Amino acid sequence: MGMNLMIIKPKVRGFICTTAHPQGCAESVQEQIDYVKQHAGDQQGPKNVLVIGCSTGYGLASRITTAFSFGANTLGVMFEKEPTERKTATAGWYNTRAFEDKAAAAGLYAESLNMDAFSHEAKTAVIEKIKAHMGKVDLVVYSLASPRRKDPDSGEIYSSTLKPVGKEVTRKTLNTDSVQVHDITLPPATEEEIAGTIKVMGGADWELWMDALMQADVLSDQAKTTAYTYIGKSLTMPIYGEATIGKAKEDLDRAAKAITAKLQSGNGGDAYVSVLKAIVTQSSSAIPVMPLYISLLYRVMKDLGTHEGCIEQVNKLMTGELFGQGDLNLDEVGRIRVDLAELTDEVQHRVEALWDQVTTENLYELSDFSGYQKEFFKLFGFGFDGVDYDAETDPIV
């Protein structure tokens, strides 16, 4: 501590906040831990968990839930910027440091590797850590969000694109920066853009991870793995389902079947795609149409008393589905569904009715955009009651 104290305020550029608050991020992690502890049952769960993409959103929530519901040791992989004396770290860095501190205080092993998860080096480093500290892993959570991926063998860099397939699509969208509701037209993706998106957002890397873990013999008997996805319904369908992301999601389903077959021929085990609801995350804020859809969805689900955030969803997935007492809530493709409250006819009809009416002028009145904005800033550690944001703070944790 000492020479590098600063007052940390949010700085937003486009749909990203370029600063993060260490105490605020710690507060965010603590709130999630408190939720999980309040809702912990006494059922058995995984004891050793690997989370690939562990530092924000659903990945972080998975780490918190398994650690504080089941007392699991956790190893995480992330790709975050460290702090300097003049600049804050990314939120994911502070989240992870806070989580590690709280897990250690609870007597749990918690270590994190700041590496490119797509690389062979990351897979090798993770396997070494598992062998040294965990022995065997019971659950692998795959929760990566990245705009590009470097193929570890060819060195080629693939980029993902958010575009419809086949024909252009015009949809309402919300520019969260200028707070303007306007139409956006997305041109159809080229074959190359579709292929690139599948390479980045499909199941190829998940499969490489599972192959590496199987070959190294670091998975326990009946180990489980899940990758996270979002599907949505008609309003978001042209952006998600009938779009480049939709093609990547089909590849995720393919990978789940392929991984399950390999696990079954080894120590047993299952691979599932888990479908989670739309929430405010660093990823969803970058996708056209989603901030407007989420603002309306939050309004409707809060009105109906069915709203859930990140930690509620993941806690439901872990304690109610993957390690719950009853049968899994699977759809016709075999995916675990935790998003069904979002997709009821009542919710979707209400959202669609508001969608048709919403404009720049009535945005705050018709939607929960103020709730959206609060959630967005909380992702970066801003807006928590217990934090003094006017105090001088050391960005280096």
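Colleague: Let's start with Phe-376: is that residue buried or exposed?
Modeller: In this predicted model, Phe-376 is buried, since its relative accessible area is 9% and the cut-off for buried is under 20%.

Colleague: And what about Phe-377, how does that one count?
Modeller: Phe-377 has a relative accessibility of 27%, so that residue counts as partly exposed.

Colleague: How many aromatic pairs are there in the model?
Modeller: The count comes to nine aromatic pairs. One of them is formed by Phe-376 and Phe-377, whose ring centres are 5.6 Å apart and whose planes stand at 75°, so this pair is edge-to-face.

Colleague: Why edge-to-face, with planes at 75°?
Modeller: Because planes over 60 degrees apart count as edge-to-face, and the planes of Phe-376 and Phe-377 are at 75°.

Colleague: Which residues form an aromatic cluster?
Modeller: Tyr-364, Phe-369 and Tyr-372 form one aromatic cluster, and two of these residues, Phe-369 and Tyr-372, also belong to the part of helix H12 that meets helix H8.

Colleague: OK, where do H8 and H12 run, and how do they pack?
Modeller: Helix H8 covers residues 290-304 and helix H12 covers residues 369-378, and the two pack at an angle of about 110° with their axes 8 Å apart. That angle makes H8 roughly perpendicular to H12.

Colleague: Which residues meet there?
Modeller: On the H8 side they are Pro-291, Ile-294, Ser-295, Tyr-298 and Lys-302, while H12 brings Phe-369, Gly-371, Tyr-372 and Glu-375 to the contact. Sorted by class, the contact of H8 with H12 has five nonpolar residues, along with two polar and two charged ones.

Colleague: Switching to the backbone, what is the phi of Val-289?
Modeller: Phi of Val-289 is near 80°, which is a positive value in a residue other than glycine. As a general point, most residues other than glycine have a negative phi.

Colleague: Where does Val-289 sit, and is it buried or exposed?
Modeller: Val-289 is placed in the loop between strand E12 (269-275) and H8, and with a relative accessibility of 1% Val-289 counts as buried.

Colleague: What about Gln-222, what is its phi?
Modeller: Gln-222 also has a positive phi, near 60°, and is a residue other than glycine. Gln-222 lies in strand E11, which covers residues 219-229, and its relative accessibility of 53% makes Gln-222 count as exposed.

Colleague: Last one: which residue lies over the face of Trp-93?
Modeller: That is Arg-97, which lies over the face of the Trp-93 ring at 4.2 Å from the ring centre.

Conventions: Residues are numbered from 1 along each chain as its sequence is written. This is a predicted model: local features need pLDDT of at least 70, side-chain atom pairs count only at pLDDT 80 or more; totals for chains, interfaces and linings use all residues. Side-chain values use heavy atoms; hydrogens and water are left out. Rings of Phe, Tyr and Trp (its six-membered ring) pair if their centres lie within 6.5 Å; planes under 30 degrees apart count as stacked, over 60 as edge-to-face and the rest as tilted. Buried means under 20% relative accessible area, exposed over 50%, partly exposed in between (1.4 Å probe, protein chains only). A charge sits over a ring if NZ of Lys or CZ of Arg is within 6 Å of the ring centre and within 35 degrees of the ring normal. Axes are lines fitted to C-alpha atoms, for helices over the stretch in contact, and angles run from 0 to 180 degrees between N-to-C directions. Helices (H or I, at least four residues) and strands (E, at least two) are DSSP runs, numbered from the N terminus. Angles under 35 degrees count as roughly parallel, over 145 as roughly antiparallel, 65 to 115 as roughly perpendicular and the rest as oblique. Contact means heavy atoms within 4.5 Å. Ala, Val, Leu, Ile, Met, Phe, Trp, Tyr, Cys and Pro count as nonpolar, Asp, Glu, Lys and Arg as charged, and the others, Gly among them, as polar.
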